Amino acid sequence: MIAPMDADLLSIRDVSVSFTTESGTAHVLDEISLTLRRGEIMGLVGESGCGKTTLARTILGALPPNARARGTAITFDGRDLLTIDPREAADQIRGRAITFVPQDPFSAFNPLFTIGDQIFELLRWKSPDREAGERGYPRTRRRADHERALALLRRVQLPDIERLLRKYPHEVSGGQRQRLMIAMALLPEPRLVIADEPTTALDVTIQAQILRLLRELAVERGVSVLLTTHDLGVAWEICDRVTVMYAGQALETAPIEAFFRAPALPYTRLLLDSLPSGENPLRGIAGDVPNLVNPPPGCRFHPRCPEVSDVCRASRPPTSEPAPDHLVRCHHPLAVP
Amino acid sequence: MRLLAMVARRCLWMPPTLFGLLLIVFTVSHVIPSDPARVMAGENASASQVAAIRHQYGLDLPLPVQFLRYVKDVATGDMGKSLFTQRPVAEDLLARLPATMELALFAMSLAIAIGVPLGVVAALRRNSWLDHLVRVVTVAGLAMAAFWLAILLQLLFSMWMGLTPVRGRINGWGPDPITGFFTLDAVLLGDWETLGQALRHLILPTLTLALPAVATIVRFTRAGMINVMSSNFVFYQTAMGIPRRRIVWKYLLRAALIGTLTQIGLIFGNLIAGAVVVETVFDWPGLGTFAVNSILHSDYNAVMSFTVFTGVIFILTNLMVDIAQTMLDPRGR
């Protein structure tokens, strides 16, 4: 069933998140704005600690208790997730309309229960056939869910499925576990999958298989994916568009081609230049990631930026659109051909 | 199946463990300065009468020989006769076992029924007033001497409020023995009045015995919960919107209980040992009062047998705990 609707599935408007810590309030996300279209795969790239995972958790409504989210709105399918009733979010949104693929498929399974138990626990609460607020698990739904699970596990190329369901997580390989995680993310028939560094814990050879599988399934089902990664290669493999984050600020969003060919943000340029290649020696970006308790004013990248000027220290740049569908927040964007 | 292999391995270890236990008990009882032959012969016996008794019981043989005879006897179920009553000790112990087991099982069940939920709630509301209260009460529970608590309870509930019997296991005779557990036998016989009486007699000794056990269980459950609460699988299930109560009471609890379970095995041993004091205060006709009487009569054969008996109970309990643990945790299998 597809209702008539606009092209944007998720629209984040000026959302900030802060954490109360022992050394003070850490401003982990600073006025993030981001849109995700229906059926699109968006990569969220940046260094470790830039706030990608926090943004993913904010959308899921699964922030730790010492975190506080503020902002204009997180509009998902016409609902504002910032103001939604938490019980409704837990029942109808989380795990149902928005699902999650974790970074580490080893520890995301409870080691004491079989894989089958954990899959059917999920379906008990998040099956597409479940009525809102339903508490039990009627036999007819259970049977339908069983079929649904078998079909999807087969689709993600898992072997010997009935036996697999009786196994414990430690009896299954990492690649198979991540296939299971992807299957579990798709079983509730969500509209958005948030994948948080889904291949970081895997071998390089398996990474590519998993990424291809995720892309295939998302395209075939028309599901949007928000994928966080620190690895530009991963973004290149499967994303339609990419957003770059730095120290809690979203600085550039571009279609994948334009992003790699002609970035408008000096930071993106430096990131791309730091990729190892035949002619380039290995290079880093001078300077350190800033402290988020006392972040630099204005554009947070200014202490490390080669294009820095006084205005960068004084104020946050407005968003400009140097090319169609290419957004950048920089006082001195690079020329886009 | 790995579980069977584990049980078989543990069973193979039991004879050497028992042998060690017997060796310690035997050595200790021969180190203490008490001459059983003299005790048996009586205060006015002549030296030759004592020597005759010593010879009759084989007490004049070299110690290693005596020990091997002792091991052989115990292995065939013969624990010798009481020096005081002249009755076979094994029979007396078996006759008193149900009373102690009934008390220990009630205390254990109560301790688990209170301790586990309390530990879970304390972990979920860490550093709340409830958590602090639980901590204070559990420290007090561990620190309080059992005989003192028992007397306080008797004073409060029996003497002042008149709610519970002061002592004993039942008024008059117990129900016809089927299992020897008064409550269970009363249920089997459909004798509700006896059941009520048996339960009322159980209340205070159970409470006394359970309090320190509750304290240990609460602390281990709380620590186990806190340990697994920050696991990735908890975050995953939370992020997937699985109801909190489901995550806590199904998935977290099992992980947390693995640590508690080990403690439960040790606690059960403590309960049997603690029964010596509690049974004495409440005049409960179990193994504990038997042990105290035997000590008072210098009935060293009975004391040795009591020690061996409780040792065997302890070994069996730990075997059961290991089995339960293997069933709970698939990684060990």
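1. In which strand is the place of A:Val328? The place of A:Val328 is strand S13 of chain A, residues 326-329, where helices (H or I, at least four residues) and strands (E, at least two) are DSSP runs numbered from the N terminus. Before going further, please note that this is a predicted model, in which local features need pLDDT of at least 70 and side-chain atom pairs count only at pLDDT 80 or more, while totals for chains, interfaces and linings use all residues. Residues are numbered from 1 along each chain as its sequence is written, and chains are lettered from A and ligands numbered from 1 in the order in which they are written.

2. A:Val328 is buried, because 24 other C-beta atoms lie within 10 Å (20 or more count as buried, 12 or fewer as exposed, and those in between as partly exposed, with C-beta atoms placed from the backbone). Apart from neighbours within four places in sequence, A:Val328 is in contact with residues including A:Leu251, A:Glu252, A:Ala264 and A:Pro333, contact being defined as C-beta atoms, placed from the backbone, within 7 Å. A:Glu252 lies 76 residues away along the chain, yet the C-alpha atoms of A:Val328 and A:Glu252 are separated by 4.3 Å.

3. Strand S13 belongs to an open sheet of eight strands in chain A, with the order S7-S8-S9-S3-S10-S11-S13-S12 and mixed pairing; two strands pair if DSSP finds at least two bridges between them. The edge strands, each pairing on one side only, are S7 (98-101) and S12 (319-323) of chain A. Inside the order, S3 (residues 41-45) and S9 (residues 224-229) of chain A pair in the parallel sense over five bridges, and A:Leu44 has A:Thr228 as its bridge partner in S9(A). Helix H1 (residues 52-60) of chain A packs on the sheet, and its direction makes about 150° with that of S8(A), where axes are lines fitted to C-alpha atoms, for helices over the stretch in contact, and angles run from 0 to 180 degrees between N-to-C directions.

4. Where chains A and B meet, the contact takes 24 residues from chain A and 17 residues from chain B. On the side of chain B, the elements that give two or more residues are H10 (232-239) and H11 (244-282), and H10(B) has the largest share, five residues. The residues on this side divide into ten nonpolar, four polar and three charged (Ala, Val, Leu, Ile, Met, Phe, Trp, Tyr, Cys and Pro count as nonpolar, Asp, Glu, Lys and Arg as charged, and the others, Gly among them, as polar).

5. Within chain B, the axes of H11(B) and H13 (residues 300-328) come within 9 Å and cross at roughly 170°. H11(B) and H13(B) are therefore roughly antiparallel to each other, a term used for angles over 145 degrees. The residues of this contact divide into twelve nonpolar, seven polar and one charged.

6. Finally, in helix H12 (residues 287-296) of chain B, the buried residues include B:Leu287, B:Phe290 and B:Ser294. What covers the buried residues of H12(B) includes H5 (89-124), H11 and H13 of chain B. Just after H12(B), B:Ser298 takes a positive phi of about 50°.

Definitions and conventions: Contact = placed C-beta atoms within 7 Å. Parallel < 35°, antiparallel > 145°, perpendicular 65-115°, else oblique.
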